[in-house]
Structure formats: C-alpha cells, structure tokens
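Here is a colleague's note on charged side-chain pairs. Please read it next to the model.

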Amino acid sequence: MLYFTIRRLGLALLVALTVSILAFLLLHLSGDPALALAGEGARQADIDMIRKTYGLDRPLAVQYADWLWHILQGDFGTSVYFKTEAGPLILSKLKTTLQLGMGALAFALLISIPLGVLAAIYKGSFIDRICLAIAVLGQALPNFFFALILIMIFSISLRVLPVSGSGTWQHFVMPAIALGYYVAPAFMRLIRAGMIEVLGADYIRTARAKGLPARKIIFKHALRNAIVPVVALAAVQLGYLLGGSVVIETIYALDGLGYLAYQSITYKDYPVMQLIVLLLSVLYVMLTLAADIANAWLDPRIRVS
C-alpha cells in the first residue's frame, strides 16, 4: 500500500508539473502579453518597455523557470488589472467556488442516489427508462442553457430566487442545480449498476429468504455496498465542478474563481490567469489522487497492483 501511494503521488506531481508547463505555454502562445498589456494604439517603445519590465523579452524556458521558482517560494506575482497581489486575490475568491462546488456535488448526490436505486429495483421497467432518460437529459443539456432556464422560471416568473450575486445561500441554489445536474448522471449510472450487481448476490438472496423487510435489505445491505465506488467518483467530480464553474459563475455573477478567471481573460491579466489554471489543476490532481487511494483501501485487489 505504501508503494502504491508513493507511486500515485509521484504521478500526481508529474501531472501537476506538466499542466503548469502547458498552462504557461498556451497563455503565452495565444498572443503577445506585452502587446495585450500595452493596449491598442501603444507605441513600440512602450511595448518594448513592458517586455523588459515583466521579463517578456527572455526565452520562454527562462520565463517559465523563473515563474515556477517564484511560485515555489510563495511569490504569485501581481495582478495587472486589479493592482494587487495575485495570491490573496485568488484565495479571497476560492471560498465562493468551494461553496458552489460542494453545493453542486450535494445536489448531484441528492437526486442520483434515489434515481439509481429506483432504476436498479425496477430494472427494465418504465421507471428504469424514465430514470435513464433523466440521466441522458442531464448530460445532453448544456449547463449554461439550463442555467438560463432556471433564471426564467425561478427568478423572472416565480420571483423566489435572486438572479445574481453571492451574498446569501439563496444565491447559490440555482448555480448549484445548474452545475450539479450535469454530473448527476454519472453517479446515477454507477449506483444503478452497483445495485443491480449487489441485489443479485447470494447474501441478498439469503436475507430475503430469512424474511427481512425489503426496505432494510435495500438500504441497509445493498445500498451500503453499492455506494462504495461513489466515494471515489465524488472526489474526481468535485475537481471537475471546481474547474468547470467558469460559465456558471459568470452567468450568475458569483464572485468566485470562475468569474475571476473570466475577468482575467477579458482584461488579459496573465499572472492571475496562470495562477488560477495552476491552482484548479493541482486541486483536481490532488482530488484524483485521493480517489485512487480511497479505491485502493476499499478494493484489496488494487493495493497489490
């Protein structure tokens, strides 16, 4: 198990390093940062001065090594647009994104577990097809379109939820639903498959033969074993939810990392963009690592692999 953990940790560090290189290169190759910072109509002398000031006249490899060295020392640079340190700026927005991600994950589990159980119990029936149709709709419907539908229903027509902002818990209801509905089908299908397998096991047939109530068999014995893989999937999906919050936070004007990323792209704030991409990538890698380790503890076959 120790070897497995060390090996996975090494792979996670390698992936994080690769992502940091790709993020740095893509942001620099997408355009001239000096020209973007100088703005339209800037003189060549001003552009050259910006290149020299920010060290953009050096080779990309040197720029990346210098940026990574400062990151490792805790120096995350200064926001070009907000005129403040990038590190504290991003940390101040992280809480909102974490709240949105956790809310979306909770909503996804809240609807996927009952649907998965129902689909497994009534396998092949009309109820099963309805549950699968809901799952297909969740992945086929773009989250930005679903977010607009929620605004039309709950904010414009019913006037029960605020359209935008992040001041109270009501501001997170529609964003969490719009973001969580997209990942719910993965949980539902996993629970359905696990429940179908478990309900056909010998110990379930024995429990039925002993006359145990159906509710106790399903929720105490079957679901408890079928839900084990969901724990690992939840960690991975949480990383996806954190990284995929840009569109939802922009639509609902939530003051989180996603909206900050949108603003940074709009105003070409390269230091903030690089740090956001790096932070979200590292979070996703660490959550995936946690999921792998959880799977190893839960499945003895993985520990020895």
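1. Basis. This is a predicted model, in which local features need pLDDT of at least 70, side-chain atom pairs count only at pLDDT 80 or more, and totals for chains, interfaces and linings use all residues. Residues are numbered from 1 along each chain as its sequence is written, and side-chain values use heavy atoms, with hydrogens and water left out.

2. Count. A salt bridge here means a side-chain nitrogen of Lys or Arg within 4 Å of a carboxyl oxygen of Asp or Glu. The total is 4 salt bridges.

3. Asp128 and Arg192. Their closest N and O atoms are 2.8 Å apart. Asp128 sits in helix α6 (residues 126-140) and Arg192 in helix α8 (residues 173-199), so the bridge ties together parts 64 residues apart in sequence. Helices are DSSP runs of H or I, at least four residues, numbered from the N terminus. Asp128 is buried at 3% relative accessible area, and Arg192 is buried at 19%. Buried means under 20% relative accessible area, exposed over 50%, and partly exposed in between (1.4 Å probe, protein chains only).

4. Asp255 and Lys93. This salt bridge spans 2.8 Å, N to O. It links distant parts of the chain, 162 residues apart: Asp255 is in the loop between α12 (246-252) and α13 (257-266), and Lys93 is in helix α5 (residues 86-121). Lys93 is buried at 14%, whereas Asp255 is partly exposed at 33%.

5. Asp66 and Arg58. The closest N and O atoms of this salt bridge lie 3.6 Å apart. Asp66 is partly exposed at 28%. Arg58 is partly exposed at 33%.

Methods: Helix = DSSP H or I, 4+ residues; strand = E, 2+ residues; numbered from the N terminus.
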